[in-house]
Amino acid sequence: MFQCAKKRRYRNDCSKLDEAEISQINQDWQVVEQYLKGDAQDFELALTAFEKHQVRCDEEDALFRVLPHYEFLRDFDDKAQKLLVCAQIIAQLSQSSIQLFAQRYVTLWLHIAPTKTLKMLAYFHVKPRYGHESYSDFDKRHNQKIAFIEQLEGVTAVGESAYLLENLIGEMPSDTDMQVVFELWFKQFQEELTLPEEQRSLHHALNIILPRYQQIFMTELKQFNSALIPNYFEQTLLDLVINRVTQRIQNTIHDKREFNQQERHDIEVVRQYLLLDTPASSAQIDAVVSMMEKRYIDDFNSPYGGVELDKLFWHLSSVQQDNLMQIYIHHRDMSFDVLCQWRNEEQQYWLCERALGLGMNTLQLLRLILKEQWHNCLVLLPNQDVLAEQAQTLDIETLYQLLINVAKLGNFEHFITTFKDHASRRIRDVVADIHNGKYAPLHSSLLEVISYGIYTEVGTVEDGELTELDDTDDEFVTVTQLEHQKETLLVEAEVGVMIGMRVGYFSDDEEQALPEVLAFKVRVHHPYIRSHDGYVSQWDSEVTLDYSCYVGWTFSHKSLCVAGIYKIELLDLNDNVIESKTFHVVSKRPLLVDALVEQYQSSDLVQQQVGCLNLSDKALAIVDAKKHCDTLNIAHQLENSLINVYSYFDGKQLAFSELRLNDCSVQHWYIASNQLRMFIEKRVKGKKLLLGTAAATKFALDNKQQWHKVVNRKSPVSLFQPQESKADNVLALHLDKGGFRTLVGYSADGKPCCIVLAHIKVGLFRRLLLRMVAKVAQNAISDKGLPSTL
């Protein structure tokens with residue numbers, strides 16, 4: 001048991017032990033051996049003796065960890081795992097002579113390293129994951145691990161919670177909605193705040209899991225209720241920076257002595273700087289930066305599994321963000337690009353804009369933009385004379401690439417012309433090419449839509465192009481080996497379906513100088529998908545002259561088969577929309593649609609025309625008058641602003657309300673969905689529903705005396721004008737059955753032509769489902785705000 005610790009506490013410690021130390025090791029072993037054999041019962045004494053003689057492998061990173069990392073458990077050592085698994089199995093065999101010994105041995109490890117020990121044991125007993133898996137498969141494996149842990153002796157509540165948290169965060173599929181998965185954990189965290197410190201098992205578990213996992217949990221918890229963790233991100237930044245500075249200073253001390261007064265003072269300088277609640281002064285910035293440069297501290301990195309600064313930064317207060325950026329700006333060996341998450345252009349732009357506001361040198365910022373290829377940030381340097389002056393100091397290759405990039409952005413003619421007489425022939429030639437239009441910004445006439453709709457991969461794939469694309473995580477693809485199946489805007493969500501456009505780039509004039517490769521952007525507005533950063537995804541694409549390419553969206557996995565509106569836009573490099581197509585992606589029609597449509601088309605119903613609903617912005621909001629929410633709106637702009645409204649009565653009871661969008665005949669019926677809900681349906685407790693523009697319905701809610709008593713069971717439909725000065729009116733409905741389900745009728749070419757609200761009674765199980773759907777929708781709004789009407 002002590003073989004790893006005969007001579008050293010850390011694996012890099014080569015010092016020899018004297019006789020007194022060896023005697024102490026033997027005494028400690030006697031304590032552990034007596035406990036394991038059952039001759040002694042003092043668990044705490046045995047635990048202390050056992051732990052202090054286990055070799056640690058994290059000496060350099062110990063500052064960043066709450067629990068030590070032991071050499072015995074390092075990197076899933078086969079011998080360690082075999083020994084632990086054997087001991088755990090023997091501990092279950094009552095006929096074994098060493099059952100107690102094995103049981104107590106496993107218990108010791110479960111106390112000093114709960115997460116790693118449980119991970120090793122569970123890896124043997126539960127089939128591990130291989131490759132990508134769905135959430136249902138992951139949930140099944142997770143429940144198997146829970147069942148295994150529950151039958152294991154010696155596991156503490158803190159250790160169990162810590163392992164389950166690490167397993168959830170580390171292994172759940174990337175497209176999983178963490179707000180849903182962690183909802184019960186969040187509530188437990190909130191409830192534990194009222195308990196004494198020693199009873200807060202989840203709080204203690206969060207402190208011993210990997211800091212990166214703790215950060216992910218806390219970020220999600222902030223979204224759930226930011227008041228629960230008021231100071232987590234600020235304190236985490238302080239701990240990260242102080243630990244890193246302390247670590248770097250320790251590395252310069254070779255005799256393992258205590259810090260001297262100057263070293264303690266330097267650490268305190270950094271601490272006081274990070275605790276500032278006002279913008280740092282020049283003196284304070286210089287004090288921190290000069291100390292760091294003197295001690296060769298040029299990063300705030302954390303070890304594997306540590307806090308991720310590029311995610312932590314965006315949750316800090318504006319003052320802390322500015323003060324931290326000042327260090328990166330003024331330190332000669334540091335760059336604030338580490339604060340930006342990969343390929344996040346919004347963060348790139350924000351950081352560069354803020355750096356300029358904090359007084360960063362223009363040339364310094366220009367060099368960073370070029371080095372990191374943040375070309376979208378070049379527009380932040382509008383003074384082209386100053387930019388040209390700074391660019392004169394660049395080397396030829398860097399200047400060459402800069403000229404090409406600004407030419408593609410457009411509006412940099414004056415800057416480019418400055419270099420027409422440059423000493424370098426290469427620079428003069430590229431300026432001439434730019435003036436001849438070789439690197440001209442994209443113009444709308446250069447791209448044309450050849451086809452749109454549904455596409456599939458062809459049977460033969462040349463050059464392995466599509467095979468390579470299948471190995472990527474991107475849902476956007478730009479390929480040529482596709483076959484156009486159908487020209488439509490109505491698509492049933494199904495794994496393997498691809499929607500989009502084939503666009504061509506052709507030269508009509510042989511003498512016209514056009515770039516060989518035309519760059520553009522693809523932007524897709526889609527329903528809320530957490531793994532795709534909310535409602536909008538965007539990336540760069542290009543097409544070669546006299547060729548065409550496909551751009552669009554692939555439903556590559558069932559988790560991505562989300563019904564809603566998918567608007568695919570092609571943009572030039574100045575973000576001007578060139579072409580766009582709006583696809584209505586629907587779920588496969590369930591049986592309940594057929595029954596409703598059959599009832600709606602029944603000749604037994606009596607139709608009455610109500611009038612015209614006026615929607616000045618062509619955006620229809622559906623509002624529960626008693627419990628207002630923003631998740632029921634129709635996701636796309638309607639074709640007309642004047643909508644004919646009809647009511648259908650079954651005897652004296654209102655059965656359906658119809659909004660006829662145009663004169664096209666309906667060929668297909670589907671459940672209505674939007675960017676937040678896969679079906680627009682709700683139980684309306686107050687039985688009052690309002691339809692109209694967002695502004696008109698809001699005014700109507702604020703002035704209920706206009707309509708509340710007019711709309712009732714005997715008179716279930718009313719069309720009224722909330723404001724005399726506004727042309728918009730509102731349709732008020734009384735839902736006698738207390739609920740509604742929305743259907744959309746589509747024409748043959750896939751365009752919406754009719755919206756029908758079926759008045760239904762919502763059963764108990766359906767209510768539970770709708771409540772969960774509403775919760776997920778509200779979480780999406782909390783994360784990314786309300787989606788825009790497309």
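# Close-up views of a predicted model

Figure 1. Lys-627 belongs to a patch of positive charge on the surface, where it gathers with Lys-626, Arg-683, Lys-685 and Arg-771.

**Figure 2. The salt bridge between Lys-682 and Asp-624.** The closest N and O atoms of Lys-682 and Asp-624 are 2.7 Å apart, and the two residues form a salt bridge. Lys-682 belongs to strand β16 (residues 681-683) whereas Asp-624 belongs to strand β12, so that this contact ties together parts of the chain lying 58 residues apart in sequence. Both partners, Lys-682 as well as Asp-624, are buried. Elsewhere in the model, salt bridges with shared partners join Arg-244, Arg-248, Asp-298 and Asp-299 into one network.

**Figure 3. The salt bridge between Arg-354 and Asp-322.** Here the side chains of Arg-354 and Asp-322 meet in a salt bridge, with an N to O distance of 2.9 Å. Since Arg-354 lies in helix α17 (residues 345-357) and Asp-322 in helix α16 (residues 318-330), the pair ties together parts that are 32 residues apart in sequence. Arg-354 has a relative accessible area of 27% and is therefore partly exposed, while Asp-322, with a relative accessible area of 14%, falls under the 20% cut-off and is therefore buried. The search of the whole structure that finds this kind of contact gives 28 salt bridges.

**Figure 4. The salt bridge between Lys-588 and Glu-494.** Lys-588 and Glu-494 form a salt bridge in which the closest N and O atoms are 3.7 Å apart. The pair links distant parts of the chain, 94 residues apart, with Lys-588 in the loop between β10 (577-586) and α24 (591-600) and Glu-494 in the loop between β4 (490-492) and β5 (498-505). Lys-588 counts as partly exposed because its relative accessibility is 48%, and Glu-494 counts as partly exposed because its relative accessibility is 38%.

**Figure 5. Strand β10 and its pairing with β4 and β9.** Strand β10 runs parallel to β4, to which it is joined by three bridges, and within this pairing the bridge partner of Leu-490 is His-584 in β10. Strand β9 (residues 564-571) runs antiparallel to β10, and eight bridges join the two; in this pairing, Lys-567 stands opposite Thr-582 of β10. β9 and β10 form a hairpin with five residues between them, and in the turn Asp-575 has a positive phi of about 65°.

Figure 6. Asp-546, which is not a glycine, has a positive phi near 65° and is found in the loop between β7 (534-544) and β8 (547-554). Because its relative accessibility is 42%, Asp-546 counts as partly exposed. Lys-618, although not a glycine, likewise has a positive phi, of about 60°, and its place is in the loop between β11 (606-614) and β12. With a relative accessibility of 30%, Lys-618 therefore counts as partly exposed.

Figure 7. Ile-89, Leu-93 and Phe-124 make a nonpolar surface patch of about 260 Å². Of these residues, Ile-89 has its place in helix α3 (residues 78-90), and because its relative accessibility is 33%, Ile-89 counts as partly exposed.

**Figure 8. The whole chain, as a setting for the close-up views.** The secondary structure of the protein comes to 26 helices and 21 strands. Taken along the principal axes, the C-alpha atoms fill a box of roughly 100 × 80 × 60 Å. The protein has 790 residues, of which 49% count as buried.

Methods. Residues numbered from 1 in each chain as written. Predicted model: local features only at pLDDT ≥ 70, side-chain atom pairs only at ≥ 80, totals over all residues. Heavy atoms only, no water. Patch = residues over 30% accessible without salt bridge, like charges linked within 9 Å, V, L, I, M, F, W, Y side chains within 5 Å. Areas by Shrake-Rupley, 256 points an atom, 1.4 Å probe, with all protein chains shown as cover. Salt bridge = Lys/Arg side-chain N within 4 Å of Asp/Glu carboxyl O. Lys, Arg positive; Asp, Glu negative; His and termini not counted. Charge placed at Lys NZ, Arg CZ, Asp CG, Glu CD. Helix = DSSP H or I, 4+ residues; strand = E, 2+ residues; numbered from the N terminus. Buried < 20%, exposed > 50% of the residue type's maximum accessible area, 1.4 Å probe, protein only. Pairing = 2+ DSSP bridges.
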